[in-house]
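Thanks for coming. I was asked to walk through one structure for those who have not seen it before. Here it is on the screen.

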Amino acid sequence: MIEKALLEVNRLKKYFYLGRGETLKAVDDVSFQIYKGETFGIVGESGCGKSTAGRTIIGLYDVSGGEVKYDGKNVHTLNEKEKFAFHRKMQMIFQDPYASLNPRSTVREIISEPMEVHGLHRNKQEKLMKVYQLLEDVGLNRDHANRYPHEFSGGQRQRIGIARALALDPEFIIADEPISALDVSVQAQVVNLLKRLQKEKGLTFLFIAHDLSMVKQISDRIAVMYLGNLVELTASSQLYEKPLHPYTQALLSAIPIPDPNIEDQRERIILQGELPSPINPPSGCVFRTRCAYAMQVCAELKPEWQEIEANHFVACHLYNKQITGKPAPRQVAASR
Ligand code: SF4
């Protein structure tokens, strides 16, 4: 049940200064809120800045501008004691379940490590019981506790990563491409596991992915990111039924439809060209070099972030009446 904004991201910027006067603008002026108990998806092509946004939110990177507030407190100005408490509340699940697990540690050691760092369950037996319970929570069993990561499949390793993220009983989980490295057949299982855990434990999720079809399965709301900028944000169902931004429409049109009759007839929107470099992004609208609707103004002015309908935000001049001189179209094209 959605209650209140647990996370507030206000005009967040994360730049990397590369020397020789070059700056990589990985996240450039991004704002959104995540409410307690919801799953918020961020979707976009690889290199769009979504993982950098996640890592900045959890404090792995400093901000270059703007702020991130968790439960009303600025994450990047916490003192050491507050930071320690914050890291109990917010945990991360990583993309590559193999690289994120120490190959020389047993599953028991991997899952109990965060508890040791945070001084929880000092009693050895109590700690072991917690490890067993976490393994069962993620669909593994007690016998797995004394094995090593290489003895597991990719899907099982991701389950171990999830168990480790849950070891401190967090409130908020950032799942950074948690299923991208897994076989398609296993992806749905991990998504279902995350959904079940969210319900059972009342978790709030930031789910980062490049695959819109999977994000839809799990997210209440979805933000679409392109070259460090948010281009659209709305409820998951609304985004699929009525995508407004030309980039969102292109992403959606790339998802195959299981019905062969519809699939054969529908028109695909093929994005032209490559994702431009975030070191030298296009002027005005960052999507203009690949947009079929680009106008002169798109090269000159950055589109404003506007609420076109209730809780449906988009950054595109096509929906700005002052620029087009016409009422906002409900959609610029039928993408599906
Ligand atoms: Fe396309 Fe212009 Fe809209 Fe950008 S602002 S998405 S270039 S129409």
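First, the ground rules. This is a predicted model, in which local features need pLDDT of at least 70 and side-chain atom pairs count only at pLDDT 80 or more, while totals for chains, interfaces and linings use all residues. Residues are numbered from 1 along each chain as its sequence is written, and side-chain values use heavy atoms, with hydrogens and water left out.

Let me start with strand E7, residues 172–176. Strands here, and helices too, are DSSP runs numbered from the N terminus: at least two residues of E for a strand, at least four of H or I for a helix. Five of the five residues in E7 are buried, and buried means under 20% relative accessible area, with exposed over 50% and partly exposed in between, using a 1.4 Å probe and protein chains only. Phe-172, Ile-174 and Asp-176 are on one side of E7, Ile-173 and Ala-175 are on the other, and both faces are covered.

What does E7 pair with? Two strands count as paired if DSSP finds at least two bridges between them. Ile-174 has Met-92 as a bridge partner, and in E8 the partner of Ile-174 is Leu-206. Between E7 and E8 there is helix H6, residues 184–201, and the three make a right-handed β-α-β unit. Right-handed means that, with the strands pointing away from the viewer, the path from the first strand over the helix to the second runs clockwise.

The other set is an open sheet of four strands, with antiparallel pairing, in the order E2-E1-E4-E5. Its edge strands are E2 (22–35) and E5 (73–74), each pairing on one side only. Inside the sheet, strand E1 (residues 5–19) and strand E4 (residues 65–70) run antiparallel and are joined by five bridges. One of the pairs is Glu-8 with Lys-69 in E4.

Now the single residues. Gln-91 sits in strand E6. Is Gln-91 buried or exposed? Its relative accessible area is 15%, so Gln-91 counts as buried. Leaving aside neighbours within four places in sequence, its contacts (heavy atoms within 4.5 Å) include Ile-58, Arg-164, Phe-172 and Ile-174.

Ser-105 lies in the loop between E6 and helix H3 (107–117). With a relative accessible area of 14%, Ser-105 is buried as well. Not counting residues up to four places away in sequence, Ser-105 touches Ile-110, Arg-147, Tyr-148 and Pro-149.

Gly-21, in the loop between E1 and E2, is exposed, at 78% relative accessibility. From Gly-21 to Gln-238 is 217 residues in sequence and 42 Å in space, C-alpha to C-alpha.

Last, the cavity. A search of the whole structure finds one cavity of 30 Å³ or more. A cavity is a set of points, on a 1 Å grid over the protein atoms alone, where a 1.4 Å probe fits but cannot get out; lining residues have an atom within 4 Å of a point. The largest cavity has a volume of about 100 Å³, where volume is the space filled by probe spheres set on the points, and points are joined across faces, edges and corners. It is lined by 14 residues, and the closest to its centre are Cys-285, Cys-291, Cys-298, Cys-316 and His-317.

How values were computed. On a 1 Å grid over the protein atoms alone, a cavity is a set of points where a 1.4 Å probe fits but cannot get out, and a pocket is an open set with protein on both sides within 12 Å along at least five of seven lines; lining residues have an atom within 4 Å of a point.
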